[in-house]
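Hello,

Here is the structure for you to look through. My notes on it follow below.

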Amino acid sequence: MGNTASIVLALMCVLGPARVQAATYYVATNGNDTHAGTLAAPFKTVAKAVNTMVAGDTTYVKDGTYNEGPISFRKSGTSTQPIKLLAYPGHAPKIHFIKGLLQGLQLAENSDRIAIFNPTSTKLPIGWITIEGFELENGREGIKIYTGHDITIRRNYIHNNGHGVLGSGTRILFDRNRFIHNGQFDYCAQGAVSACNGDHGIYFNGSDITLTNNIFSDNLTSGVQVNGTVSYDPAIHAGPEYVEVNHWAISNNTFAYSGHSSGLILWSLIRNVRVENNIFYENRQQNSSGQAISFAAGFVTRGSSGNQIRNNLAYATAPGGTAFFANSGGAVEGVEYTQSGNMINISHPAFVHAPATVPASPDFRLTAQSPAINKGLNLYASGVRTDLLGVARPQTGPFELGAYEYGGTTPPPPSFDFALANGGNKTVTRGGSVANSLTASLISGTAQAVSFSISGLPSGVTGGFSPGSCTPHCSSTLTLSASASAATGTATVTVTASGAGISRTSAFTLTTTAGNGTDLNGDGITNVADVQIAVNQASG
């Protein structure tokens with residue numbers, strides 16, 4: 001017995017004290033990093049909590065904006081004791097990275113982001129980490145993962161970064177996130193082509209990667225690029241599963257409004273990637289690069305295998321990605337990949353609110369008229385059990401396509417909205433008239449009648465509409481008549497269409513000229529022909 005006690009005591013001295021139970025920490029904007037991180041005495045920064053956590057620990061972050069520098073996960077959890085960074089229940093904290101996306105034209109490697117890496121070497125794995133419920137903005141990336149494994153990125157709003165997520169790893173889950181407006185938009189607008197084609201919602205390589213129920217919208221280049229260009233090198237990689245693309249499931253996502261590339265790119269050597277039940281909508285409208293125009297761009301090389309592209313809906317209008325799978329990598333359909341059950345430009349997906357060009361707040365939920373309802377593969381056995389909002393899948397038999405299941409929480413009818421346009425700038429002469437065409441176009445909701453009015457007319461000019469009201473989609477003709485004494489010059493004329501409690505305007509310039517005399521032949525202008533009539537009348 002004494003010997004046993006001595007051995008136990010010796011082991012305790014060598015191993016040090018063991019933690020009895022996992023810790024729970026809290027972060028709040030009124031906290032202090034010198035505090036203990038309890039609910040009553042929270043930390044102030046997310047970085048402090050992440051630096052403090054070890055395997056089994058959880059941090060809850062309360063509402064507010066946290067202006068942060070780099071946030072670095074440098075320790076792994078375990079399969080039974082993961083490390084979790086979570087939004088406090090019912091809260092939606094925002095992390096705003098202080099340093100910003102860019103430093104001049106050069107991307108700073110030490111820019112602010114959430115980074116997950118082993119501090120000893122990026123060759124060494126790190127894993128069993130969850131990040132859930134955050135808004136992430138203004139980072140070089142929202143999240144960067146070096147040689148990660150068993151990582152869950154769930155229910156985050158990742159926007160206005162460079163890449164939304166960049167990295168490599170294995171057994172990574174991206175579920176119920178929104179990747180919105182990521183990319184170097186300003187530098188692209190200044191003519192930096194590399195910026196236009198460089199940043200994505202997700203840019204990732206590795207194996208056993210799952211993307212489910214995410215929205216990728218208005219990202220500068222593509223929503224997702226699956227990077228199959230990296231070959232395993234034992235001198236620099238932890239294992240082939242961390243770098244080589246194999247066994248991906250890209251299911252029930254919505255890819256929309258990718259500006260300079262496709263919603264999804266499958267790049268180079270890829271194996272066993274399933275692209276199923278997704279919606280691709282109005283991608284590739286900018287067309288700045290030499291890449292093939294497509295919804296799901298296929299640059300799959302020879303030697304790839306087992307890739308399936310099934311039951312996706314794709315829709316776009318010119319000049320966008322009106323082709324679906326544009327293969328430029330030499331892959332042969334039926335050998336490197338197969339396609340089946342895809343609906344390509346057959347019908348509009350009938351979202352609640354998503355016009356042809358990206359609006360301020362698109363709504364990709366499905367209306368009752370959507371062709372995406374009941375057209376998906378049943379992926380329940382593959383682990384797809386809910387939609388973006390947590391609604392159970394399926395609701396009415398087969399799965400829906402896209403990030404939202406229809407029927408669990410029926411969306412309200414879309415509100416009525418319309419756009420108003422005119423035929424351009426006009427010129428009228430004294431004593432004459434000119435016409436301008438008006439078009440009211442329905443954007444969403446049930447069409448309602450709108451009536452027209454006008455403002456900004458110069459003195460002596462009157463306007464009338466025919467018809468005076470209409471129901472979008474519809475048109476009306478505005479006739480502008482100038483008296484013989486109308487004020488000459490240029491004025492800004494504004495037409496307003498109003499109905500169902502909303503108003504839309506459309507403006508143009510109207511130039512009134514003195515002309516050469518009086519409009520005698522009734523053609524709406526005064527010119528030499530009218531002068532000749534006047535001469536003939538005088539001589540007769």
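Strand β32 (residues 450–455) and strand β36 (residues 489–499) run antiparallel and are joined by five bridges. In this pair, S453 stands opposite T496 in β36. Strands here are DSSP runs (E, at least two residues), numbered from the N terminus, and two strands pair if DSSP finds at least two bridges between them.

This is a predicted model, in which local features need pLDDT of at least 70 and side-chain atom pairs count only at pLDDT 80 or more, while totals for chains, interfaces and linings use all residues. Residues are numbered from 1 along each chain as its sequence is written, and side-chain values use heavy atoms, with hydrogens and water left out.

An open sheet of five strands has mixed pairing and the order β30-β37-β36-β32-β34. β30 (426–429) and β34 (469–470) are at its edges with a single partner strand each, so one side of each has no neighbour in the sheet.

Strand β5 (residues 83–87) has four of its five residues buried, so the rest of the structure largely encloses it. Buried means under 20% relative accessible area, exposed over 50%, and partly exposed in between (1.4 Å probe, protein chains only). β5 pairs in the parallel sense with strand β2 (residues 58–61) over four bridges, and T58 stands opposite K84 in β5. β5 also pairs in the parallel sense with strand β8 (residues 126–132), over four bridges; there L85 stands opposite I131.

H237 lies in the loop between β16 (224–228) and β17 (245–251). H237 counts as buried because its relative accessibility is 15%. Leaving aside residues up to four places away in sequence, H237 touches K123, V230, S231, Y232 and V243, where contact means heavy atoms within 4.5 Å.

Regards
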